[in-house]
There are 2 protein chains.
Amino acid sequence: MVVATNSFPSSSVTIPPTNISPNAILPLERGDPIVFGEYWKKMSETCTVVIKGWELMSYLSDMNNVCWYMLPETKEAIKRLHHVVGNAVTEDRYIVVGNGATQLLQGAVFALTPSEASKPINVVVAAPYYSEYQDEVDILRSGLYQWAGDAALYEKNEPYIEVVTSPNNPDGTMRGPVVKSEAEGKLIHDLAYYWPHYTPITHQADHDIMIFTFSKCTGHAGSRIGWAIVKDIEVAKKMTRYVQMSSIGVSKESQTRVAKIMGVICDGYQNFESMESELFFEYSKRILKKRWEKLWEVIDESKVFSVAKYPKAFCNFTNESSESFPGFIWLKCEEGIEDCGSYLLEKLKIRARGGERFGVSPKYARISMIGTDDEFHEFLNRVSNAKKECD
Amino acid sequence: MVVATNSFPSSSVTIPPTNISPNAILPLERGDPIVFGEYWKKMSETCTVVIKGWELMSYLSDMNNVCWYMLPETKEAIKRLHHVVGNAVTEDRYIVVGNGATQLLQGAVFALTPSEASKPINVVVAAPYYSEYQDEVDILRSGLYQWAGDAALYEKNEPYIEVVTSPNNPDGTMRGPVVKSEAEGKLIHDLAYYWPHYTPITHQADHDIMIFTFSKCTGHAGSRIGWAIVKDIEVAKKMTRYVQMSSIGVSKESQTRVAKIMGVICDGYQNFESMESELFFEYSKRILKKRWEKLWEVIDESKVFSVAKYPKAFCNFTNESSESFPGFIWLKCEEGIEDCGSYLLEKLKIRARGGERFGVSPKYARISMIGTDDEFHEFLNRVSNAKKECD
C-alpha cells in the first residue's frame, strides 16, 4: 500500500451543502449501510414482499436439510447470487443461515471447538481486527474458547482458530491467514465485504467456512440475516445446533425477503432485457467510487489525515480493473495527534471508532463510508476545514 | 392436582378419521404451534404485512430506547396486548425484544450474573423443567453461570438464579419459586404460556423479569420474536447488550409483523363492532378446550396412561371460571411401563419427548397438543387402541 498524505494544496474540493448543522455531532462510528437505500427506493415495488397472516408460522422449514430452519427459497437465492457474482463456491457445500454474521461467527467458533478439550481454544485475528470480535468471543467467558488477540503475534504451541476477514474491517485490505505457529489451526473466513461494489472479485473463494451477510451485501441490515458456506457436514451440523440453542432458528419473514431481493438482483444480471434500472452492483459501486474519489481529493489536501491507497486488481465480475472502495475509511492522524478518535470528536464533532478498539494505535480511527449523502458530505466539509485550520 | 386414571370403561370415544397412515411415525415431540394456523387463515387479509424494498434497512430503530433495535410500533403493540389481556404489568417497565424467548432467557441469565463473581452462578429450575434449559445454559461452558439442576433440591449456600416457568412446560401447572436456600437468589419468570387460551388469567403478573414469546401467544413460531418485561433499567441494558453481541438486534420484518398481528387481536377486543370473526383468544381457547375434552374421554378409559387434572380458576380476561388447557400433554405411563417415551415410539409409533429430558422419571413423556387436527386425532386413535390392547 502507498500512503497518500500531505500532497501539495490544490484548489478546494467542491462539496455539496448539507442539512446538518455544523454544531451537530456526526455519528459515523457504526457501519449502518444506509447508502444503498436510494437504490431500493427505485426498485421498491419489484422487491416488495407480502406476507399473509397464516404464512411462515412453523419453526420448521426443511427437515431434510442440515439447516432445518432454512427456507428452501432462501438457500436457492443464496446459491444463485454467489453463482451470478462468482465470489464463492457453493456446489457441494452446506449453507447455514443465522441471525446475522455475528451469530454465525460465534456458531463457527463453537463448531470448531473440540468438545473434549481440557482448556479453551485460542481465537485470534490479525490486527487491525473488527472491533466486536473480542467481546463476541469473551462475553460469556466460555470454557470452550477464548480471545487470544492479534493473530500476527500468536506464538503459542496450542491449537487455535484464526478468523480471516477479507476484505478487512476496518481497513479494507485483502487478507489471508497469518499465524505462524506450528500448532494445529483452523480457519474461519469472514467475507462480509467480498462483493463487487467494495472490491474486485479476483477469485471464487473456496474455504472451509465462509461467512457472508445480507447487511453488507445489499444494505438490509435490519433483516439480521447472515449465512455460512461450509465444507464439512459435521461443522454445518454443529453451527446449526448453535443457532438452534441460541435462537431456535432465524426469522422466516427475513428469510423470505432475502430470497426476494437476491432474486431481483440475479434477475437483473441474468435477464438484461427485463431491467430498466441500473443493476445493483453497478449502482452501488458507482456511488461508493464517487464517494472515494471525493474523499481522496480532500485527503490529498489534508495535512491532518491520511488514508492508505488500495491496489488495482482485475474484477472477474465487472470485467474491468479497479481499486477497492471499502465500506469504511481507515483514517490515520498525522504527527502531533496521538488520539485520532478524540481529535475527531473534540475538534470536528465527528464520532468515529478509535484504533484501540481494533487492536492498534489510537492514531487510527474508523469512519463509516456507507451512511447518508448528507453525513458523508458533512464529513468531507469538516475534514476539509481541519486542513484549513492547520494551514 | 387430582390424578384421573383407570376410570370405568365407558362407550368408545368418537374420533374423526385422519389422513395419516397407521404405520407412520407421529411427530409430537416438538411444540410447533400449528393449531392456530386456521384462525390466521380466516384473518389472513387483515393481518397481511407488505414490506417494500427500501424499508426496514437500518440496524437502528429508536436510539432513545434502552432496547435501541426495537421498533416503536413493536413496543407499543406488546404493551397494548398485555393491557388488553391483563396478564402482565408493563407500565414503567422496560421492554427488551429478542430472537425468541430462547435468546432472552440466556440474556436474562447473563444480565443477572455478577460480573465480578469468581465462580459461575448456579441456574436452577424446578423439575419437571423445559427440556432445553440445561443445554441453553451449559452449551458454551460459561464461566459466568452454570446449570445446577432441580430448584427443589438446591441446598447450596451460594447465589443462584431460579427460572420460574408458569404455566409450566411440560406439565402445565402454575408455579412460583421453590428454592429454600438462604443464599441470595434472583428470579426469571418464563411466562410463555400465561395467555388466556392456555390458562385462566388470575392476576396481572409483576415480576422483575418476565419473558413472553410470539410463538406460543399467537402461534407465529417462524417469526422468532420474544420479549421481556423488565423492572430494572440496568438489567434491561445488559439484556439488550447480550442481544447486540449475539445477533446485533432482531429481525425488523418479524417485528413489523408482530406489531400488525397483535394490533389486529387488540382491535378485535377494543372495537367489537368492526369484527366479524371470532376473537383470537376465544377461538384458540375453544379449540384447545375441545381437544382437551376429547383427550380426557380417551384418558379416562385408558389403563395405560394417566394425565393430571387441572384445578379450575376464575379468569379475569374471559370472566368465567375455567380449567387450564395446556399446550402439552404430560403423560404418565401406568405400572409396568418404565419408559413412556420408548413405549409410545415402539408400540404406538408416537414420537414424544421422554421424562428424563425434563429432569424426572422416564415414566413420563411430553406430547404436543398444538399440532394439526389430523395429528391430534391420530394420537387419540392410537392411545385409544393401546387401551383396547390392554383390556
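Guide: Let us begin with a term: a charge is said to sit over a ring if NZ of Lys or CZ of Arg is within 6 Å of the ring centre and within 35 degrees of the ring normal. As to the source, this is a predicted model, in which local features need pLDDT of at least 70 and side-chain atom pairs count only at pLDDT 80 or more, while totals for chains, interfaces and linings use all residues. Residues are numbered from 1 along each chain as its sequence is written, chains are lettered from A and ligands numbered from 1 in the order in which they are written, and side-chain values use heavy atoms, with hydrogens and water left out.

Visitor: What makes the charged end of K41(A) count as sitting over the ring of W54(B)?

Guide: The charged end of K41(A) is 5.1 Å from the centre of the W54(B) ring and is listed as sitting over that ring. In chain A, the charged end of K238(A) likewise sits over the ring of F110(A), 5.0 Å from its centre.

Visitor: Why is the aromatic pair of Y193(A) and Y198(A) called edge-to-face?

Guide: Rings of Phe, Tyr and Trp (its six-membered ring) pair if their centres lie within 6.5 Å, and planes under 30 degrees apart count as stacked, over 60 as edge-to-face and the rest as tilted. The search of the whole structure finds 52 aromatic pairs over all chains. One of them joins Y193(A) and Y198(A) at 5.2 Å centre to centre with 75 degrees between the planes, and is therefore edge-to-face. Buried means under 20% relative accessible area, exposed over 50% and partly exposed in between, with a 1.4 Å probe and protein chains only; Y193(A), at 6%, is buried, and so is Y198(A), at 2%.

Visitor: And what makes the pair of W330(A) and Y364(A) stacked?

Guide: The centres of W330(A) and Y364(A) are 5.1 Å apart and their planes make 10 degrees, so the pair is stacked. W330(A) lies in strand 14 (residues 328-333) of chain A and Y364(A) in strand 17 (residues 364-368) of chain A, so the pair ties together parts that are 34 residues apart in sequence. Helices (H or I, at least four residues) and strands (E, at least two) are DSSP runs, numbered from the N terminus. W330(A) is buried at 8% relative accessible area, whereas Y364(A), at 24%, counts as partly exposed.

Visitor: How do you know that the two copies are related as by a two-fold rotation axis?

Guide: Two copies of a chain are related by a rotation about an axis and a shift along it. Here chain A can be laid on chain B with an RMSD of 0.0 Å by a turn of 180 degrees and a shift of 0.0 Å along the axis, the superposition being by least squares on the C-alpha atoms of residues with pLDDT of at least 70 in both. The copies are thus related as by a two-fold rotation axis. Moreover, 100% of the interface residues of chain A are also interface residues in chain B, so the copies meet through the same surface.

Visitor: What makes strand 4 and strand 6 of chain A edge strands?

Guide: Two strands pair if DSSP finds at least two bridges between them. In chain A, 7 strands form an open sheet of mixed pairing in the order 4-10-9-8-7-5-6. Strand 4 (94-98) and strand 6 (145-150) of chain A each have a single partner strand, so one side of each is left without a neighbour in the sheet. Within this chain, strand 7 (residues 160-165) and strand 8 (residues 185-190) of chain A pair in the parallel sense over 6 bridges, and T165(A) stands opposite D190(A) in strand 8 of chain A.

Visitor: Why is S284(A) called buried?

Guide: S284(A) has a relative accessible area of 0%, which is under 20%, and is therefore buried. S284(A) lies in helix 8 (residues 280-301) of chain A and, leaving aside neighbours within four places in sequence, is in contact (heavy atoms within 4.5 Å) with F36(A) and H197(A).

Visitor: Is S118(B) buried or exposed?

Guide: S118(B) lies in the loop between helix 3 (100-112) and strand 5 (121-125) of chain B, and its 78% relative accessibility is over 50%, so S118(B) counts as exposed. V304(B), in the loop between helix 8 (280-301) and strand 11 (305-308) of chain B, is buried with a relative accessible area of 2%.
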